Amino acid sequence: MRKRETGLRERVTRKRRKWPWILLTILLLLILSVGAFWLKYGYEIRNTIADGYSYSQGLKVSDFHPSNSTVIYDRNGKEIKKLSRSSSSYTPIKDINPDIKKGLVAVEDQRFYIHHGVDMYAIMRSVVSTLLHRRTEGGSTLTQQLVKNVILQDQSQNLNRKLKEMVIAQQLEKKFSKQQILEFYINNVYMGHGSYGFSAAADYYFSENQKDLSIDKLALLVGIPNSPLYYDPVSAPKRSLNRRNTILYVFYQRGLISKHTYETASKRPLGLKVNKRKYDNDVSNNYALNYAVYNATEELMKSSGFTMEYAFKDNQARNDYFARYRQEFERARGKLLDGGYTINTTIDMDVQNKIESLVNKTYESYTGRSANGKLTPQVSSTVIDNKTGDVIAVIGGRTTQDDQMNRAINGYSQPGSTAKPLVAYAPAFERGYLPQSTVVDSAIANVHNWYSGYTGKTTVRHALENSINTVAYKLALQDTSYSFYDDLTKMEFARLRPTEDKNAIDALGTFSTTTTEMASAYSSFSRGGQFIHPSNLTSIYDNDNNRYIYQNTHMKKDIYTKNASYMMINTMQSVISNGLGKAAALDNYKYTAGKTGTSDNNKDSYFVGMTPDFTIANWTGNDVPSTSLTSNEQTLSMQAFKAEGEYLVSQMKEKEEDFKKPNTVTVSGSNLSVNQSNEQPTIQDVIDSDFSKYISAQEQKNTDRLYNLDYRIIYHLSKKEEYKREDKVQSAIDKYTDNPITKESQYDSKLSELQKIRYLNANVKRQSAKNDFNQQILQMQKELNLSQAMFQAAKDNKKIAKYQSEKETIETQREQKRQSMVDKLMPQYNSQLQKVKDAYKNNDSDKEAQKQKLVDIMNEIRSYGGNVPDVKITVNSNSSSDSSSSSSN
C-alpha cells in the first residue's frame, strides 16, 4: 500500500516538474513569434503610427464643417455645373435634439464618455464574441468611426488603416472635447441616399427638423449608421422597422424611455415622408454630365479602398458584391455632392448636343409610348475616341423629360451577334484561324441561324458577314479554357454569368451589357488589342486635402494580339461592304468596320461600328423587352451610326486612311496571312508606348510648380513632416520592388499598387523628391508593361510552337498517306505497262485503250507526288518502224 502511495506521489511530482518547462517553452515561442512579426512588419507599423500622428497634427474644427461646392468643368476649363450641398446642413451641438445624443451613445458607444478614443474593453468583447459565439460585434468607438469616414475616408479592411485610425482617434480626443466630437459625428455620419448627418436624414426621410422628431422616428435614424443599405427605410422597410424596434428596446433598457413609451412607439408605422427636393444637383437632364458624376463617384469609391470586381464564383457572390457596391456608391456620391472637389472632364457640349440631335432625328417618327409613358423604342449610344479611349459623347435615351435613366451606363440588354467578334472570332484568330479559313455551318446543339437550314462549308469571313450562329458557337466551343471569359472580365463587363457557369453560348450575346461596355471593347481592336477603361474624366482634385484623387493616365491592358485585332477589323469591314451592315456604310468615309446584332425574338437591336478614329455602339429596344422590334426598327441602330459617323468624320477632320496594319500581316485581296519572322517588334511596341508624351507633360507640370522652399510656408509643413510623407512613398516603392511580378495574373494587382503609390506621391510637396518618385514610378510602370508584354509574347510563342508542331504532324501524315497510295499504284503501273507493250507488239485493236489506261495510272501516281517517267514504245512491223509515246497530260 505504501509502495503504491509512494509511486503515485513520485508521478505527481514528475508532472509538476514538467509544468514550468512547458510554460517556459510556450512563453519562448510567444516571444519568438512576436519578434518575427515585428521584424517583418515593425517598420511598416512604425510608419503607420507616425503617419497617424502626422494626420492628426493638422486637424482643425473646419475639417468637419461643410466644404465648398463641387465644381465640374468641360474640356476647355469652362464651368458646366456647380453642385450645391446635397442635403446636409451643419447643426451646432446646442441645437441638436438631446435624445439623438443620448440614443447614439447608448446604442453605438456606451463607454463614449469614459474611453480616450479607443475602447480596449469593446475590442476584447468583439474578439470574444467573434470567437465564442461566431457573432460579429463592432469594437470601434464613435471617435474611430468619425476618423474612418471623415478624416481617412477609407473603407478598406486592413491592419494599417485600423492602426492609423486608432492613433488619430486618440489624438482627436486630446484636441477636442467629447461634445465637439459628438457634434462632428452627428453632422458627418452617412445616413443613406446621399444624406450626411442627422439633420439631412430627418429632412430626407420625414421632411421634418431633427428637433421635432418623435422618439420612434429618432430611433429609426439612430439605427441607420450601422448599415445604411441594409437598414434603408425606403428599400427595406421591414428590416428597418425591426431595427427601429430593437433600438427602442435598447432605449428602454438604458432607461432613456419608459415601458409605456417603448410599447406605444414600437407599434407605430415607419411614418416616412421622403423629401424629393433636388438641391440643384439633378444631372439627369444632361447625359454627359450624368456620366461624369457616375465616373467620379466610382473613382471616389476606389480611392476609399473599394475594389471593383467583374468575375464572380456564383450568383450569391455576385449579389453580395452588388449590395456592397450600391452602399459604397451611395456613400461616395453623397460625398461628391457634399462638396470639396474639382472635376475636370473631356466633355465638349457642342459635340454632345450635335450627336444627341442626330440620334433624336433618326428616331423622331417613332412616337409610341410604353405603359409607363416612356417613348418606344428607346435608344442608347456611346462614342469612344480610339486614340485615347475617352468617351466623346453618351446618349442615354430619347429624352430626359420625365425619364431619369441613362441607358448608356445603366441600360443592360443582350448584345446579340455583336458579341461574336469579342467571344468567338478574335480568340479564334489568336488560335491560328484566318479570315479565309474554312468552317462548317451545320446543326449543333439547339443553336439555330436567323435563316432556315444550313449552308455547309464556308469561310470565317463569310460566316461573320452573314452572322452565322452555328459557326460562332462552334468557334467558342473550341476555346476549352474559356479565354473569352477572361477577356471580357479584363474589359470590365459587369454582368457576366458566374465563373462556375461559363458557356460558349455567350458567343451569341446571351449576357447583358451596355453600349459603353461594347464601344470600349470594340475600340480595343483599333489599338492593337489594348483596352482602356472608358471615362470622360481628366482628373478629380480634393480641395480640402490639396491632393488629386484621380488622374486619367489612359492606362492600357493587353487583351488581343495585334494580328488578331487587325484580322478582326478587316473581317468586320466585309460586314459593311458585303454583309448585313451595308445600311451603316458612311457616304464620306470608306474605311469602316462593324457588326450587327439582335437578341432573341428581335427584342433588342445592336450595331457597333468604327473608323480608325472613333467607335460607336448603338442599341435600340424597350426598357422591358416584351415585344419584338419591326424590321424598320431593327435598322435604326445602323441609321443612327451613319448619321453620327458622318458628322464625326467631318468634325474630327479624319483622314481617308485605312486601319493601321501590323507589319506581321500580309493582305492579298480578301486573304490574310501572318509572317512569323516579323513578330519580334511586339515587345518593343509595348515598351515604346507613349511614355515620352506623359513624361513631358509631367515635367512641364513640375516646372510650373514651386521649386523653392516656399512650399513649406504654403502647406505649413515642417521638415520632419515632409520627410515622413516621402518615407511613406519610398516604403511603398520598396515594398513594390521587393515583390516583382512573376505571372500575368498579378498584373492588375501590381497596377493597383502603382496607382496607390501615385496617390501617396500626390501628398509629397518637395518638388525634387516628387520628381524623383515620379521617375521611379514611370520606370516601374514601363517595366510592368514590359513584363506583361513578355508574358504575352511567351503565350504567343507557345501557341505558334503548338501550331507548327500540329502542322508538321499533319504534313507527315499526309506524306505517309501519299506514299502509301503511290506504293499501292506502282504494281498496277508495271502490270499495265507490260500490257501496253504487248498490245503494240501484237498490234492489238485495243492498244490505244490500253495506252490511255496507262496514262491515267501515271497521272494518279503523279497526283500523289510519285515519279514515273514518260514511256516510249517502239514496235517493228514489216521492216518499218511504228513509234508511240505514253505520257501524262
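Is L289 buried or exposed at 6% relative accessibility?

Figure 1. L289 is found in helix α11 (residues 287–303), where helices (H or I, at least four residues) and strands (E, at least two) are DSSP runs numbered from the N terminus. With a relative accessibility of 6%, L289 counts as buried, a class that means under 20% relative accessible area, whereas exposed means over 50% and partly exposed lies in between (1.4 Å probe, protein chains only). Residues up to four places away in sequence aside, L289 touches I72, I80, K81, V283 and I347, contact meaning heavy atoms within 4.5 Å. L289 and M349, although 60 residues apart in sequence, are 9.5 Å apart in space, C-alpha to C-alpha. The model is a predicted one, in which local features need pLDDT of at least 70 and side-chain atom pairs count only at pLDDT 80 or more, while totals for chains, interfaces and linings use all residues. Residues are numbered from 1 along each chain as its sequence is written, and side-chain values use heavy atoms, with hydrogens and water left out.

**Figure 2. The protein as a whole.** The secondary structure comes to 29 helices and 20 strands, and of the 889 residues of the protein 49% count as buried. Among contacts in the protein with a separation of 6 or more, 70% are accounted for by residues 24 or more positions apart. The accessible surface comes to about 44100 Å², of which 50% belongs to carbon and sulfur atoms; such areas come from the Shrake-Rupley method with a 1.4 Å probe, and for residues only the protein chains shown count as cover.

Figure 3. Helix α12 (residues 315–337) has 23 residues and reaches 32 Å from its first C-alpha to its last, close to the 33 Å expected at 1.5 Å a residue, the expected span being 1.5 Å times one less than the number of residues. The N-terminal end of α12 is capped by D314, a side-chain oxygen of which lies 3.3 Å from the backbone nitrogen of Q316. Just after α12, G339 takes a positive phi of about 110°.

**Figure 4. D216 in helix α8.** D216 is found in helix α8 (residues 215–222) and, at 3% relative accessibility, counts as buried. The side chain of D216 makes a polar contact with the side chain of R268 at 2.8 Å; a polar contact is a pair of N or O atoms within 3.5 Å, of which, within protein, one must be able to donate a hydrogen and the other to accept it, and residues adjacent in sequence count only if both atoms are side-chain atoms. Leaving out residues up to four places away in sequence, D216 touches R244, L248, A265, R268 and P269.

Figure 5. Y190 and Y196 form a tilted pair, 5.0 Å centre to centre with 55° between the planes, and Y190 is buried with a relative accessible area of 3%, as Y196 is with 5%. The rings of Y249 and Y252 have their centres 6.1 Å apart and their planes at 55°, so this pair is tilted. Y249 and Y252 are three residues apart in helix α9 (residues 237–253), and therefore separated by about one helical turn. Y249 counts as partly exposed at 37% relative accessibility, and Y252 counts as partly exposed at 30%. One aromatic cluster is formed by Y291, Y294, F306, F312, Y321, F322, Y325 and F329.

**Figure 6. Charged ends over aromatic rings.** The charged end of K178 sits over the ring of F112, 4.6 Å from its centre, and that of R243 sits over the ring of Y231, 4.9 Å from its centre. A charge sits over a ring if NZ of Lys or CZ of Arg is within 6 Å of the ring centre and within 35 degrees of the ring normal.

**Figure 7. Backbone geometry in three loops.** Most residues other than glycine have a negative phi, and most peptide bonds are trans. The peptide bond from T376 to P377 is cis, with omega near -10°, and P377 has its place in the loop between β5 (375–376) and β6 (378–385). A445, in the loop between β8 (438–441) and β9 (456–459), has a positive phi near 50° and is exposed, with a relative accessible area of 62%. K653, in the loop between α22 (636–651) and β17 (665–668), has a positive phi near 50° and counts as exposed at 69% relative accessibility.

Terms used: Rings of Phe, Tyr and Trp (its six-membered ring) pair if their centres lie within 6.5 Å; planes under 30 degrees apart count as stacked, over 60 as edge-to-face and the rest as tilted.
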